[in-house]
Amino acid sequence: MMALTGLFLITFLIVHAGINAMIFFNDGGETFAHWAHFMGTNLIIRTMELVLVAGFVVHIVDALLITKHNKAARPVQYAYSNPNANSTWYSRSMGLLGTIILLFLIIHAAHFWIPNRYNQFTTGEELNLFTRMQDTFSHWYVVVIYVAGCFSLFWHLMQGFKTAFQTLGINHPKYNPLIKNVGIAFSVIISVLFASMPISMFFNLVH
Amino acid sequence: MSENNMKITLKVWRQRNNKAKGALETYKVDEVSSDMSFLEMFDVLNDKLIREGKDPIAFDHDCREGICGMCSMYINGQPHGPLQGVTTCQLHMRSFKDGDTIVVEPWRAKAFPVIKDLVVDRSAFDRIIAAGGFISVNTGNAQDANALPISKELADRAFAAAACIGCGACVAACKNSSAMLFVSAKVTQLSLLPQGEPERQSRVLDMAAQMDAEGFGSCTNTGACEAECPKGISVSNIAHMNREFFAAELNKK
Amino acid sequence: MATLDSKIPEGPVEKKWTNYKSHVHLINPANKRNLEVIVIGSGLAGASAAASLAELGYKVKVFCFQDSPRRAHSIAAQGGINAAKNYQNDGDSDYRLFYDTVKGGDYRSREANVYRLAEVSANIIDQCVAQGVPFAREYGGMLSNRSFGGVLVQRTFYAAGQTGQQLLLGAYSALERQVGMGAVQMYSRHEMLELVMIDGKCRGIIARDLVSGKLERHFGHAVLLCSGGYGNVFFLSTNAMGSNVTAAWKAHKQGAYFANPCYTQIHPTCIPVSGHHQSKLTLMSESLRNDGRIWVPKKKEDVEALRKKQKKASQIPEEDRDYYLERRYPAFGNLVPRDVASRAAKERCDAGFGVNATGEAVFLDFTTNTRRYGNIEATKHGHHNLPDAEIMELGRGVIKEKYGNLFDMYKQITGVDPYQEPMQIYPAVHYTMGGLWVDYNLMTTVPGLYALGEANFSDHGANRLGASALMQGLADGYFVIPYTIGDYLSTEIRTKAISTDHEAFAQAEKSVQEKIDKLFAVKGTQPVDYFHRELGKIMWEKCGMARNAKGLQEAISEIQKLREAFWKDVRVTGEKDEFNPELEKAGRVADFLELGELVCKDALDRNESCGGHFREEYQTEEGEALRDDEKYNYVAAWEYKGADWELHKEELKFENIKIAQRSYK
């Protein structure tokens with residue numbers, strides 16, 4: 001379940017990052033607004049939005065259950081442990097990274113998604129998300145929070161992307177390097193892309 | 001070059017029995033030779049403790065040539081110590097320096113309760129094998145061994161999985177105390193071979209169910225098991241088992 | 001004096017087993033369910049017997065002292081398992097395997113048993129493959145074979161250097177399958193400490209739960225001892241630390257004769273002792289002798305330089321090396337049987353040519369064959385005129401494929417890389433051919449008590465050939481005992497399970513309790529290991545690779561003194577009702593201290609040299625073992641008489657093999 005929902009959420013990231021990248025056309029957010037409007041009104045997308053929310057919920061709930069189960073599997077901890085000798089810190093910290101991402105997600109949703117949908121429900125009008133982005137990212141602390149969120153997302157993806165395949169039983173000497181390298185590239189591109197948005201807006205590189 | 005006069009400080013987990021509370025105690029061992037195995041150093045320490053009228057440290061060991069899987073010990077934060085690819089009995093003191101302090105604890109997992117000091121109960125592994133880690137062929141039922149050709153590649157892969165010694169280092173290393181590496185190695189070995197085909201689906205389901213019932217955690221893919229396995233069992237076996245498991249689940253009536 | 005009835009069936013040797021199986025008593029399945037069998041030990045013999053008997057429907061209980069039946073020391077066997085499959089088309093047959101085994105055993109084994117072993121050997125391979133044992137295979141998918149010491153055909157099946165492990169895991173999985181079905185009750189971390197006798201028959205055991213320390217009573221219509229050999233009487237051996245004679249020794253004291261205890265096998269290729277802390281010795285598989293050449297320098301000055309580490313083996317030129325096995329035994333060369341190879345190494349080291357600081361090591365050198373393999377590889381891939389370094393690199397790849405895990409293990413233990421410098425090896429105690437006397441049914445002289453595998457004396461005579469121990473353990477367990485036990489149990493179908501409240505059980509438990517209390521009561525100063533080491537020294541020096549009457553007499557009196565000292569000065573720490581490895585060791589060493597004397601006594605009594613038993617007084621002019629077939633063509637079966645032993649002889653008849661001096665020249 002973790003792997004399936006994880007891969008599903010990864011597809012969401014692609015779409016989300018793709019559309020948001022439209023701001024880099026530097027056309028005052030025109031292209032971006034076009035696609036944001038499409039996303040905000042298309043029936044299929046709106047249905048998928050519900051599936052997406054469900055995906056997040058399942059991913060999170062399953063993670064909590066597994067964590068609880070796994071904690072119970074070792075009631076007495078080691079007095080001294082040297083886990084860095086056999087595994088990477090981020091592979092052991094998926095829960096922590098995930099929690100940071102969740103916190104970020106709440107803040108992020110409060111900035112854009114919730115007000116926008118609220119407005120749609122109450123007035124039937126969408127907000128101008130581009131100007132909202134410009135507003136939101138004019139505060140340095142917001143930018144810092146977003147960058148931190150992207151940082152966590154990067155490490156979460158570094159482990160999550162490739163191991164989702166492992167969990168689903170896809171492990172083959174011929175394809176493993178491909179999965180690994182695509183995973184790294186994906187983690188870098190998505191995270192850098194996302195992080196570059198608040199940064200570039202803060203420094204007024206996009207207008 | 002061998003050295004004969006190393007001084008080692010040990011912090012060893014002492015626990016009288018399963019019910020008692022345990023704690024680390026400090027011991028000093030002098031005249032340690034770099035040619036000694038880690039367990040031989042414990043022999044020297046125990047000899048000293050007995051002569052002082054103290055209770056020697058209980059630890060599991062038997063063949064002392066790295067194959068029986070009985071020795072354990074979580075040494076300086078790693079199962080079987082700092083050297084990868086070896087069991088504790090094959091870890092030699094040349095891997096340490098004069099003056100080192102070494103912390104030694106038992107395997108820790110709910111499914112491996114402590115019996116005494118560094119000795120734990122690993123019978124959960126036996127029960128997992130009893131649940132399905134076999135091919136049901138009664139004595140005398142076999143056909144001629146060469147009647148069933150098996151490609152060298154397949155035989156070698158099955159052998160690589162079958163090399164598991166059941167020591168439990170994978171569980172000890174895993175932050176979730178997961179037994180997936182152990183279970184998947186057996187599942188993989190038997191599912192690769194044509195002889196294992198008839199029970200292929202029930203086997204993986206039964207073994208997985210027993211594994212959960214024993215209280216092992218779930219795999220979160222940190223790879224610590226593979227890194228610490230003294231026999232180099234690969235996590236690709238875990239992927240293989242996952243595949244077998246999904247197929248069996250989907251096929252289940 | 002009781003006569004030993006070996007119960008060999010009538011008929012020609014190749015028909016005996018078939019005839020036997022056709023006429024042995026059978027038991028109906030409903031009755032089998034009421035018959036209980038106790039199995040001591042979970043190695044190849046024990047696990048295979050327990051699984052097979054449970055499959056037949058018997059109620060089985062299995063006991064092992066380790067934490068899991070999979071730990072039994074069969075697991076450490078490296079090289080392989082013999083079987084007369086003749087897959088290589090090189091002229092193998094049941095008769096050849098039979099002949100090689102009898103000859104290899106220096107004509108001191110029972111023909112009928114050995115022939116049966118050869119006959120069932122092929123079934124073992126079939127059974128193991130069916131269980132999923134991943135034997136080595138050729139590219140075409142067929143099973144691969146290698147050759148082993150003492151034979152001229154390739155009949156050894158193997159799984160890299162871990163054959164014992166794979167076979168044991170096969171038997172273990174068959175055993176666990178029965179455990180899962182409830183047909184076998186498994187008692188891990190339990191040690192058998194006494195046999196319970198009722199009306200002259202074996203009816204059960206007293207076992208100690210090693211975790212709680214509690215003594216338990218278990219009833220059985222029959223008891224199978226599959227508890228392995230007694231090599232640890234030498235303290236340093238290739239056996240596991242826990243390997244012991246206790247179960248067999250308790251049986252011996254209850255009336256089971258102990259046969260040929262002096263037949264102990266010294267394995268020629270072990271890693272030499274590194275210091276006084278040494279707790280055990282590690283074997284390097286005999287299969288290495290396929291590709292390794294054994295040598296010492298010809299010149300004393302080279303020996304000196306090696307000992308002082310001023311020279312490396314690779315710096316000694318070819319003409320200054322003495323490949324003494326090839327020199328002395330041109331026909332078999334480095335593949336002579338174990339006893340011959342061991343003594344030859346001792347001879348060179350005694351003459352002052354030992355290559356390490358202790359003077360007790362010879363080289364096992366892979367250079368020649370690495371180069372040969374390298375050339376083959378180069379030709380295969382169409383490379384010509386490669387420089388030597390590259391050819392050696394190719395060759396090392398082949399060597400790695402064949403022996404990788406052994407080379408790694410060697411490096412791990414010694415810190416020296418055997419791909420670069422030759423291995424150093426020296427003989428060490430490895431296997432014991434002697435054991436409880438059994439008849440053709442594998443029953444000891446105690447009715448209802450059987451001994452299987454290394455625990456019995458039966459098939460290897462005075463010397464065991466490589467890759468035959470696994471064969472015998474599995475033959476006994478899978479294919480012999482399931483038939484032969486019926487011969488006895490068919491007479492027991494009317495015997496209801498006897499309550500463990502029976503007086504005999506109470507008595508036996510009491511005697512065990514007293515022995516444990518006695519051990520604690522000594523409250524001496526020396527740890528158990530001290531006595532074990534001392535015993536080992538006496539045994540190795542005076543009853544090891546070469547023995548003589550004077551030494552053996554000394555050894556006997558020294559062991560008696562050591563035994564007295566043990567009971568006066570041993571210190572057993574801890575309590576009896578807890579997990580207490582020191583107490584376990586103390587009990588085992590106490591038994592070794594008695595057995596050691598019998599081994600020496602038997603060695604002293606056998607005034608000849610044969611196989612693993614080499615008496616310096618009896619050798620040919622070339623230093624080969626000199627048998628005395630006139631006087632000693634018998635199995636020496638010793639009956640325990642309290643203070644001493646009484647010797648019973650089973651005459652050996654050779655009807656199918658012409659008895660001759662062994663020659664490997």
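Me: How far apart are the nearest C-alpha atoms of chain A and chain C?

Reply: This is a predicted model: local features need pLDDT of at least 70, side-chain atom pairs count only at pLDDT 80 or more, and totals for chains, interfaces and linings use all residues. Residues are numbered from 1 along each chain as its sequence is written, chains are lettered from A and ligands numbered from 1 in the order in which they are written, and side-chain values use heavy atoms, leaving out hydrogens and water. Contact means heavy atoms within 4.5 Å, and chains A and C do not touch. Their nearest C-alpha atoms are separated by 20 Å.

Me: Which chains share the most contacts?

Reply: Two pairs of chains are in contact. One pair takes 73 residues from chain B and 78 residues from chain C. The most contacts are shared by chains B and C.

Me: What area is buried between chain B and chain C?

Reply: Buried area is the accessible area (1.4 Å probe) that two parts lose on being put together, summed over both. Here carbon and sulfur atoms give 52% of it. The total for chain B and chain C is about 6,000 Å².

Me: How many residue pairs are in polar contact between chain B and chain C?

Reply: A polar contact is a pair of N or O atoms within 3.5 Å; within protein, one must be able to donate a hydrogen and the other to accept it, and residues adjacent in sequence count only if both atoms are side-chain atoms. Both residues here are at pLDDT 80 or more. The count of pairs between chain B and chain C is 42.

Me: Which three residues supply 22% of the area that chain B buries against chain A?

Reply: Chain B and chain A bury about 2,500 Å² between them, 49% of it on carbon and sulfur atoms. More of chain B's part comes from this trio than from any other three residues. They are R108(B), K175(B) and N221(B).

Me: Which helix gives the largest share of the side of chain B that touches chain A?

Reply: The rule finds zero salt bridges here, but 25 residue pairs in polar contact. Helices (H or I, at least four residues) and strands (E, at least two) are DSSP runs, numbered from the N terminus. Elements of chain B giving two or more residues to this side include strand 5 (101-105) and helix 8 (236-251). The largest share, six residues, comes from helix 8.

Me: Why does T370(C) count as buried?

Reply: T370(C) belongs to helix 11 (residues 367-380) of chain C. Beyond its neighbours within four places in sequence, its contacts include I391(C) and R396(C). T370(C) counts as buried because its relative accessibility is 5%.

How values were computed
Salt bridge = Lys/Arg side-chain N within 4 Å of Asp/Glu carboxyl O. Buried < 20%, exposed > 50% of the residue type's maximum accessible area, 1.4 Å probe, protein only.
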